[in-house]
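Have the sequence and the 3D view open side by side for this one. We'll go from the whole chain down to single strands and helices.

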There are 2 protein chains.
Amino acid sequence: MAGEDRRLANGGGRIDFETDPTRYRHWKLAVDGDVATLTLDVDEKGGLFEGYELKLNSYDLGVDIELADAFERLRFEHPAVRVVLLRSGKPRVFCAGANIRMLAGASHGHKVNFCKFTNETRNAIEDASEHSGVRTICVINGTAAGGGYELALAADHIILVDDGSAAVSLPEVPLLAVLPGTGGLTRVTDKRLVRRDLADVFCTTEEGVKGKRAVEWRLVDEIAPNTKLEAAVTARAQELAKKSSRPPVAMGIALPPLERNVTPDGRTYNHLSVAFARAERLATLTLRGPEAPPPADVDAMGAQGVAFWPLALARELDDAILDIRLNEPDIAALVFKSEGDGAAVVAYDDFLEVNREHWLAREISLKWKRVLKRIDLTSRTLVALVEPGSCFAGTLAELVLAADRSYMLIGEADGDNRAPPTLMLSEMNFDAYPMSNGLTRLASRFLGQEAPQDRAYAELGKPLDAEAAEQLGLVTFTLDDIDWEDEIRIFLEERASFSADALTGLEANLRFGGPETMESKIFARLTAWQNWIFQRPNAIGDEGALKRYGTGQKPVFDTKRV
Amino acid sequence: MAGEDRRLANGGGRIDFETDPTRYRHWKLAVDGDVATLTLDVDEKGGLFEGYELKLNSYDLGVDIELADAFERLRFEHPAVRVVLLRSGKPRVFCAGANIRMLAGASHGHKVNFCKFTNETRNAIEDASEHSGVRTICVINGTAAGGGYELALAADHIILVDDGSAAVSLPEVPLLAVLPGTGGLTRVTDKRLVRRDLADVFCTTEEGVKGKRAVEWRLVDEIAPNTKLEAAVTARAQELAKKSSRPPVAMGIALPPLERNVTPDGRTYNHLSVAFARAERLATLTLRGPEAPPPADVDAMGAQGVAFWPLALARELDDAILDIRLNEPDIAALVFKSEGDGAAVVAYDDFLEVNREHWLAREISLKWKRVLKRIDLTSRTLVALVEPGSCFAGTLAELVLAADRSYMLIGEADGDNRAPPTLMLSEMNFDAYPMSNGLTRLASRFLGQEAPQDRAYAELGKPLDAEAAEQLGLVTFTLDDIDWEDEIRIFLEERASFSADALTGLEANLRFGGPETMESKIFARLTAWQNWIFQRPNAIGDEGALKRYGTGQKPVFDTKRV
């Protein structure tokens, strides 16, 4: 459960990923023309769990949930914003990173999933820059340590005040015997292009680097004395706003709270149901296709706002996945089902594809891209069941392609007069949704082979029955009605009987074949090493650095290198 | 120490990586014209450690040391060989993979270093194919499970006997709750291009896949019934031999045992000394440059054989690194020093560069490439000290570039009348020695930036003093004589005080910036996940799968997914 070792401060049983600016306790969002300012002013008493205080602008998952929410709103509610300033509301400290007492008392699972979410949030900041023209400037007015500097690393431009004391640092290794957990090592070398030996010095220097050296080593982009800081920020904001590719749009769409009905055994949204079968350790997610054809034009889409089916479902699915990740650690597999008309799903895809240059259509595709990536990175077995009445088409077919295994029924089900199930591909399957390795799910599936992709493309928009889907390599197994239930039950039981850790490692390797990107390196290489280190006594043992931090006692290390 | 939990079966104190075919207990090497046959016939009683038997052609590090040695000999002693057949000497079993009882009783450090070495051996098999035209065919006559199939995956071509029972499998996840540890998951998707969902089925199916399905899923290249197996092997060997780019050479050079003097505090080779300062947890490796100019021509080089300085030093350095990895887990840092004339080193580089098309010159450069990669992948802090009298030039300058940190003295040392130290680059620094990420160490250092590489290239063959080296970005710090000793002492003390695990993770991330290759993915992504899993109770706890394997008791798992 959410807390495991701890209780949620709000007394509730689950971590909730829904919030809005009126409820923020740690961030302030202010929009002024094309520049937004996100000010971090952490409420020390506002920790998500009991048992620690968020001093020095340190953060926990609750702080990051607000940051993630703010960036979603900048994309949908504030389309005129071209530059975001990340600033601190506290004097002489930008951000001290993840709260150490929170980390020291958190379960392994919470630590790992906390890091995963913060990584996704920083990737979303970079995605907003690359794909939506929302540039971020980080203004560091004092200490930016660990996760504080890693947040800065997600920005396009870093300004550090030059006051003789403000510094950036990644002190995790010398102080805590863990790694920077939010992409720091990868971004320092691969994004900032800091020379690897200087990066080594930087990452082993507790007090960090300040002033001119921080620029020379490429750790920040510019420094400014206190008296010139505001002028520098304004100048840089204007410059980046001018260069932004974001189209001028006055009005965004509002993101009201999700409508959802939460029960002990699941949750129901407008277009998605989640059912937990806890004894079998399964969560079944049933997605419902659109009930009406796409709107006539982009204005009508804008008028629908969050009720526009693709956006509505994406938001619901995102919320459900995060809920399972953090609140249901014992669920072994996510079983994706769908209900509806595949052709109607593809009609929405075609609508988005035709209007891909429109800001809202683009944001909705980008949202789906992020949600699908979040699913790829969810360490549960992903299964898709393609049954009569399902609508795994276009965007929804991505769930079949994301699954570790997919099963499709051959023909009709006994006692069910619905037609045999079909799959359908749309243009969106071929370019809109790259995974974190930079490839589409189809390209990852047919790694290094053009022919199977071409064969699939030739069937665009056609309903594919089980035989066709199997021949195209789009599903793992096709089964007839006689075998369907038993085979799937046996598979799910077997899967649940395997070691949870071994499955996490297996799936993390098999899902991401081929090339790597900075993003996939962060989730694979860096996260895997961090997971390892988070298990080692040097960090988490009673004499380990994470446990002893702040006690005045030095950690005692096993000195053996493996 | 080597054994930690176990005693070496030979009663010795250290694992020795030196062997030769007359001493092999597990492999037989037979050469017939351009085809060599390596037959695995493991001596059950021949385990490296006490406490287990190597049944069913399962292996431990001792078995793999022989395999690695055999491939070195195929490259240097048997230059006429163009095809290697990997076969089993036992009926109905090819290889059962790493011995499970050995793994269950091994220390974490031994497991990790065992996997690292076996990975390097398989990479060397692929390197021999790609760069030396030595193609490998794996002939699977029965069960090829786990590491047995992973060995096959290193081959260019896999033939599986089609007898209704012979199968390939990666049963680690279902049987042992660990991952295939020798690149299996990465090679299945990235080399064999097995579809990821089929790979999932394969890796969770204890009994594996046989016959036609093994070909359809791309797990093997061909199947043959027993009666046609030998004909298929012969045909394929002839075909691959014909296509090989290996130049026709009749005579190789012999690889006699290394001359070395081992003492409790170090070891001395002809061109290398290793000194352990155990209290400080340091190993100082002093490499000595050549004492004579390069030979007149390639024939003279061939006449020198293993005495040819670059080859002699490469072999010694390789042996020393492996010794430290497996036998000295408590050493925190490797400090590289050198003695000699940098221009003489570059003269050898130029000799190898001019003769790069000659088989032996090529093999020697490739050997250095592998040794340098082994150093990159050694999880100890790497330090280079550039002092008066040193010869870090060309190939030896790679050690400065491989180091996590390098220090160079400005001017002379007090009371030392030798000239101030210099660095020197050769052509070899710009192309001969790619790291496992596919980039040279210079390109990794100046990731994504052409200009600093161009500036360095302009100084080719020129002695670079400390100021020049610093300006070119080739060393981390330059210090004058007053600061030298204290600064380095403080750095090394500080380094030794950090968590060994955190440093392993830090260095593994910072050393390999930028792109990834199959090889780097194996060492980074796959190994990191495996290291994590090797720590988890589901594998190694008293109720874990690795501990309970073969006891008849089922493992008990913590079902939480993280």
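Here is a quick tour of the model, starting with some ground rules.

This is a predicted model, where local features need pLDDT of at least 70 and side-chain atom pairs count only at pLDDT 80 or more, while totals for chains, interfaces and linings use all residues. Residues are numbered from 1 along each chain as its sequence is written, chains are lettered from A and ligands numbered from 1 in the order in which they are written, and side-chain values use heavy atoms, with hydrogens and water left out.

**Chain A as a whole**

- Chain A has 23 helices and 20 strands; helices (H or I, at least four residues) and strands (E, at least two) are DSSP runs, numbered from the N terminus.
- The C-alpha atoms of chain A fill a box of roughly 75 × 55 × 45 Å along the principal axes.
- A compact globule of 562 residues would have a radius of gyration near 24 Å, and chain A agrees, with 24 Å; the radius is taken over C-alpha atoms, and the globule rule is 2.2 Å times the number of residues to the power 0.38.
- Of the 562 residues in chain A, 66% are buried; buried means under 20% relative accessible area, exposed over 50%, and partly exposed in between (1.4 Å probe, protein chains only).
- Among contacts in chain A with a separation of 6 or more, 75% are between residues 24 or more positions apart; a contact means heavy atoms within 4.5 Å.

**The sheet in chain A**

- Eight strands of chain A make an open sheet with mixed pairing, in the order 13-14-15-16-17-18-19-20; two strands pair if DSSP finds at least two bridges between them.
- Strand 13 (260-263) and strand 20 (477-480) of chain A are the edges, each pairing on one side only.
- From one strand to the next, the twist averages 20°; axes are lines fitted to C-alpha atoms, for helices over the stretch in contact, and angles run from 0 to 180 degrees between N-to-C directions.
- Helix 11 (residues 309-327) of chain A lies across strands 13, 14, 15, 16 and 17, at about 175° to strand 16 of chain A.

**A hairpin and its neighbour in chain B**

- Strand 15 (residues 272-277) and strand 16 of chain B run antiparallel, joined by six bridges, with Leu272(B) opposite Leu287(B).
- These two strands of chain B form a hairpin with four residues between them, and Arg281(B) in the turn has a positive phi of about 60°.
- Strand 16 of chain B also runs parallel to strand 17 (residues 333-339), with seven bridges, and Ala283(B) stands opposite Leu334(B).
- Six of the seven residues of strand 16 (residues 282-288) of chain B are buried.

**Helix 9 of chain B**

- Which residues of helix 9 of chain B are buried? They are Leu229(B), Ala232(B), Val233(B), Ala237(B), Leu240(B) and Ala241(B).
- Seen down the axis of helix 9 of chain B, the buried residues fall within an arc of 155°, so they line one face; the arc is that of the directions from the helix axis to the C-beta atoms.
- On the other side of helix 9 of chain B, the exposed residues are Thr227(B), Lys228(B), Ala231(B), Gln238(B) and Lys242(B).
- The cover over the buried residues of helix 9 includes strands 2, 4, 7, 9 and 12 of chain B.
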